[in-house]
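Please examine the structure shown below together with its sequence. A briefing on selected features follows it.

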Amino acid sequence: MVDTSVRLLRLLGLLQTRRCWTGAELATRLGVNTRTIRVDIARLRRLDYEIDATPGVAGGYRLRAGATLPPVRFEDDEAVAVAVALRTAARAGVVGIGDAAARAAVKLEQLLPPRLRHRLHTVHSATEPVLDAGNLVDTHVFRAVATAIERTEILRFDYSDRHAKTSCRRVEPHRMVHSSGRWYLVGYDLDRQDWRSYRVDRIDPKTPTGPGFTIRELPGPDPVAFVTRGRMAALWNYTARVTVHAPADTVAARIPTGIWTVEPIDAHSSALEAGAQSPQLLAAYLAAMDLDFHLDVEQAPELAAAVTGIAARYSAATRRTRAGARDALRADTRPEHR
């Protein structure tokens with residue numbers, strides 16, 4: 001006979017894994033009769049678990065959210081996953097949330113059995129946390145932005161750019177994205193009439209928020225790709241458009257994902273929008289694609305000069321190599337070497 005406390009934990013675990021169970025299903029899983037299930041459900045209710053019961057053939061038991069947070073039972077893999085997630089959240093860069101996650105992680109890890117604690121220690125010892133303490137997001141800022149996104153309300157805020165210049169923004173907030181240790185807001189700037197990404201730690205929200213808005217379609221595959229491209233574009237000092245003599249799928253497989261953009265011209269050529277810190281670096285990137293391309297000299301004279309310079313340098317390097325090989329061959333054919 002299974003101990004009552006053990007059976008209650010198993011029953012609780014079942015109720016937490018599925019929306020609804022019939023009494024017969026629970027009785028079969030636990031090896032008892034339906035009367036025992038009813039008694040155990042009453043015991044869980046006395047422990048503040050909110051459990052709804054629906055009578056009839058199609059009825060059953062359903063665990064719902066209550067006024068307080070009761071104990072939660074985890075399987076082994078779930079407990080390790082939650083502990084890792086809490087440690088990750090503790091480094092997520094949000095003041096308050098990070099502290100709470102760290103405290104919760106300590107509580108959970110103290111309760112783990114040795115075998116799971118060892119598994120968790122293995123994960124932690126093999127990873128290196130990265131957190132820029134200078135980019136922490138205030139809890140009230142994080143909550144204000146998230147609330148505006150959830151309510152689809154225009155967000156008004158003062159924004160300090162990377163040059164410490166402050167400007168007032170009116171934005172339709174779309175999503176917050178965590179990338180490279182920072183939080184970014186993706187939104188449509190109403191005054192600039194364009195999609196932008198903003199570092200959340202540089203946002204100072206204003207109240208009240210603006211009116212509601214209709215969600216627009218994001219210009220790109222997803223918010224993460226949009227933020228990644230925006231971060232890289234901010235570092236570019238030079239951009240250019242070139243024609244690549246290859247299908248768009250071939251070009252896309254050889255360029256940085258989500259950073260450069262490629263569009264098909266026809267079945268055999270594509271238009272590539274590319275950028276880099278300098279024309280010389282962009283020319284080197286284009287050469288690394290190992291695909292034939294063409295550029296408009298008048299529209300991109302700096303890139304044309306950089307490509308010509310690289311071509312001349314590579315050509316000179318191979319000439320020196322060929323000349324060295326010829327000299328070595330002549331030396332080997334002299335009489336004293338025979």
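The model is predicted. The protein chain holds 11 helices and 11 strands, and buried residues account for 33% of its 338 residues.

**Whole chain**

- Of the contacts between residues at least 6 apart in sequence, 55% join residues at least 24 apart.

- Helix α2 spans residues 23–30, and its buried residues are Gly 23, Leu 26, Ala 27 and Leu 30.
- An α-helix has 3.6 residues a turn, so residues three or four places apart point the same way.
- Thr 28 and Arg 29 are exposed on the other side of α2.
- The cover over the buried residues of α2 includes helix α1 (4–17), helix α3 (34–46) and strand β2 (60–64).
- Gly 31 follows α2 and has a positive phi, near 70°.

**Packing of α1 against α2**

- Two packed helices are described by the angle between their axes and the distance between the axes.
- For α1 and α2, the axes come within 11 Å and cross at roughly 130°.
- The two helices α1 and α2 are therefore oblique to each other, and their crossing is right-handed.
- On the α1 side, the contact is made by Arg 7, Arg 10, Leu 11, Leu 14 and Leu 15; on the α2 side, Leu 26, Arg 29 and Leu 30 take part.
- Among these α2 residues, Leu 26 and Leu 30 are buried, whereas Arg 29 is exposed.

**Packing of α4 against α6**

- Helix α4 covers residues 76–90 and helix α6 covers residues 114–125; their axes come within 10 Å and cross at roughly 40°.
- With this angle, α4 and α6 are therefore oblique to each other.
- The crossing of α4 with α6 is right-handed.
- From α4, the residues in contact are Asp 76, Asp 77, Ala 79, Val 80, Ala 83, Val 84 and Arg 87.
- From α6, the residues that meet them are Arg 115, Leu 116, Arg 119, Leu 120, Val 123 and His 124.

**Ser 270 in strand β10**

- Ser 270 belongs to strand β10, which runs over residues 269–276.
- This serine, Ser 270, is buried, because its relative accessible area is 0%, and the cut-off for a buried residue is under 20%.
- Leaving aside residues up to four places away in sequence, Ser 270 touches Val 242, Thr 243, Val 244, Ala 246, Pro 247, Ala 248, Val 251, Val 262, Glu 263, Pro 264 and Ile 265.
- Thr 250 is 20 residues from Ser 270 along the chain, and the C-alpha atoms of the two are separated by 9.4 Å.

**Ala 100 in helix α5**

- Ala 100 is part of helix α5, residues 97–111.
- With a relative accessible area of 33%, Ala 100 is partly exposed, since this class lies between under 20% for buried and over 50% for exposed.
- Ala 89 and Ala 100 are 11 residues apart in sequence, and the C-alpha to C-alpha separation is 9.1 Å.

Note on methods:
Residues are numbered from 1 along each chain as its sequence is written. This is a predicted model: local features need pLDDT of at least 70, side-chain atom pairs count only at pLDDT 80 or more; totals for chains, interfaces and linings use all residues. Side-chain values use heavy atoms; hydrogens and water are left out. Helices (H or I, at least four residues) and strands (E, at least two) are DSSP runs, numbered from the N terminus. Buried means under 20% relative accessible area, exposed over 50%, partly exposed in between (1.4 Å probe, protein chains only). Contact means heavy atoms within 4.5 Å. Axes are lines fitted to C-alpha atoms, for helices over the stretch in contact, and angles run from 0 to 180 degrees between N-to-C directions. Angles under 35 degrees count as roughly parallel, over 145 as roughly antiparallel, 65 to 115 as roughly perpendicular and the rest as oblique. A crossing is left-handed if the near helix is turned anticlockwise from the far one by less than a right angle, and right-handed if clockwise.
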